[in-house]
Amino acid sequence: MFPSAELAEAAASGSKEHVRLALQAGADPNSSDGSHTALQRACLNGNTEIAMLLIEQGVAVNMPAPGATPCSISIAPPHAPGAAQPAC
């Protein structure tokens with residue numbers, strides 16, 4: 001596991017409370033789980049509340065990992081019928 005993968009995993013889970021607790025415990029807002037940042041995970045799941053929390057904590061909004069920025073994820077069409085539309 002990456003040193004701050006907990007934050008990206010919390011963002012992927014959709015739990016704003018877990019994200020908040022990880023940040024309070026000192027997690028780097030720009031941390032990655034090895035493939036996506038916490039902000040990318042929030043955008044992939046269309047979770048604007050978590051995205052805004054990360055932005056308020058100073059996350060780098062245009063940091064690519066790997067090769068896609070949160071913005072590019074947000075404007076991409078859903079990958080499967082019925083998938084949540086990313087919305088950051």
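**Salt bridges, burial and core in a predicted model**

Mentor: The count comes to 2 salt bridges. A salt bridge here is a side-chain nitrogen of Lys or Arg within 4 Å of a carboxyl oxygen of Asp or Glu. This is a predicted model, where local features need pLDDT of at least 70, side-chain atom pairs count only at pLDDT 80 or more, and totals for chains, interfaces and linings use all residues. Residues are numbered from 1 along each chain as its sequence is written, and side-chain values use heavy atoms, leaving out hydrogens and water.

Trainee: What makes arginine 20 and glutamate 17 a salt bridge?

Mentor: Their closest N and O atoms are 2.3 Å apart. The limit is 4 Å, so the pair qualifies. Side chains of opposite charge can pair when their charged atoms come close.

Trainee: Why are arginine 20 and glutamate 17 separated by about one helical turn?

Mentor: Because they are 3 residues apart in helix 2. Helices are DSSP runs of H or I with at least four residues, strands are E runs of at least two, and both are numbered from the N terminus.

Trainee: Why is arginine 20 called partly exposed?

Mentor: Its relative accessible area is 30%. Buried means under 20%, exposed over 50%, and partly exposed in between, with a 1.4 Å probe and protein chains only. So arginine 20 is partly exposed. Glutamate 17, at 41%, is partly exposed too.

Trainee: Which residue forms a salt bridge with aspartate 33?

Mentor: Arginine 41, with closest N and O atoms 2.8 Å apart. Aspartate 33 and arginine 41 are both buried.

Trainee: How many residues are in the largest nonpolar core, and which have the most contacts inside it?

Mentor: The core has 17 residues. Leu7, Val19, Leu23, Ala38, Leu39, Ile50 and Leu54 have the most contacts inside it. Two or more residues come from each of helix 1 (5-13), helix 2 (16-24), helix 3 (38-44) and helix 4. Membership takes buried Ala, Val, Leu, Ile, Met, Phe, Trp, Tyr or Cys residues joined through side-chain atoms within 4.5 Å.

Trainee: What is leucine 7 in contact with, leaving aside neighbours within four places in sequence?

Mentor: Among its partners are Val19, Ala22, Leu23, Ala38 and Leu54. Contact means heavy atoms within 4.5 Å. Just after helix 1, glycine 14 has a positive phi of about 85 degrees.

Trainee: Why does valine 61 count as partly exposed?

Mentor: Its relative accessibility is 36%, so it falls in that class. Valine 61 lies in the loop between helix 4 (48-56) and helix 5 (70-75). With Met52 and Ile55, Val61 makes a nonpolar surface patch of about 230 Å².

Trainee: How many helices and strands are in the protein chain?

Mentor: There are 5 helices and 0 strands. Along the sequence the pattern is α-α-α-α-α. Of the 88 residues, 35% are buried. Among contacts with a separation of 6 or more, 63% join residues 24 or more positions apart.

Conventions. Patches are made of residues with over 30% relative accessible area and no salt bridge: like charges are joined within 9 Å, nonpolar side chains (Val, Leu, Ile, Met, Phe, Trp, Tyr) within 5 Å. Accessible areas come from the Shrake-Rupley method with a 1.4 Å probe; for residues, only the protein chains shown count as cover.
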